[in-house]
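Subject: Structure for your review

Dear colleague,

Please find below the structure that I am handing over to you. My findings follow it, and I would be grateful if you would read them with the structure open.

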Amino acid sequence: MALYEYRCTDCGTEFEQRKPMSEADSPAECPSCGKEAARLPSVFASKDGYTLRVPRAGAFRAGQSGQG
């Protein structure tokens, strides 16, 4: 199971949904309005030795509400 992030194309609600990787391309329903939501690319952190490296910039989608 993987955790995917979505943004509703109608109301702009962002939410997460856990589903099998085999269903990664299947649409998700918005919990607020029930419309179809677009999957968002995820930002991740990786471990290099014992130091946790986190991206310096926020997600590229930050501040771009309404775009899918």
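In what order do the elements of the chain run from the N terminus on? They run β-β-β-β-β-β, with 6 strands and 0 helices in the chain. Please bear in mind that this is a predicted model.

Some totals for the chain come first. Of its 68 residues, 22% are buried. The chain exposes about 5,200 Å², and 48% of that area is supplied by carbon and sulfur atoms. When contacts between residues at least 6 apart in sequence are considered, 33% of them join residues at least 24 apart.

As to the aromatic rings, the count comes to 1 aromatic pair. The pair is formed by Tyr6 and Phe15 and is stacked, with 5.5 Å from centre to centre and 20° between the planes. Both Tyr6 and Phe15 are buried.

Lys19 belongs to strand β2, which covers residues 14-19. Lys19 is buried yet has no salt bridge. The side chain of Lys19 does, however, reach the backbone oxygen of Ser26 at 3.1 Å. Leaving aside residues up to four places away in sequence, Lys19 touches Met1, Ala2, Tyr4, Tyr6, Ala24, Ser26, Pro27 and Ala28. Tyr6, a member of the stacked pair, is thus among the residues that Lys19 touches.

Arg7 is found in strand β1 (residues 2-8). Its relative accessible area is 4%, and Arg7 counts as buried because the cut-off is under 20%. The side chain of Arg7 makes a polar contact with the side chain of Glu14 at 2.6 Å.

Finally, I would point to Cys30, located in the loop between β3 (28-29) and β4 (36-40). Cys30 is buried as well, with a relative accessible area of 2%. Residues up to four places away in sequence aside, Cys30 touches Cys8, Cys11, Thr13, Phe15 and Lys35. Phe15 in this list is the partner of Tyr6 in the aromatic pair. Cys30 and Thr9 are 21 residues apart in sequence, while their C-alpha atoms are 9.0 Å apart in space.

With kind regards

How values were computed
Residues are numbered from 1 along each chain as its sequence is written. This is a predicted model: local features need pLDDT of at least 70, side-chain atom pairs count only at pLDDT 80 or more; totals for chains, interfaces and linings use all residues. Side-chain values use heavy atoms; hydrogens and water are left out. Helices (H or I, at least four residues) and strands (E, at least two) are DSSP runs, numbered from the N terminus. Buried means under 20% relative accessible area, exposed over 50%, partly exposed in between (1.4 Å probe, protein chains only). Contact means heavy atoms within 4.5 Å. Accessible areas come from the Shrake-Rupley method with a 1.4 Å probe; for residues, only the protein chains shown count as cover. Rings of Phe, Tyr and Trp (its six-membered ring) pair if their centres lie within 6.5 Å; planes under 30 degrees apart count as stacked, over 60 as edge-to-face and the rest as tilted. Lys and Arg count as positive and Asp and Glu as negative; His and the chain ends are not counted. A salt bridge is a side-chain nitrogen of Lys or Arg within 4 Å of a carboxyl oxygen of Asp or Glu. A polar contact is a pair of N or O atoms within 3.5 Å; within protein, one must be able to donate a hydrogen and the other to accept it, and residues adjacent in sequence count only if both atoms are side-chain atoms.
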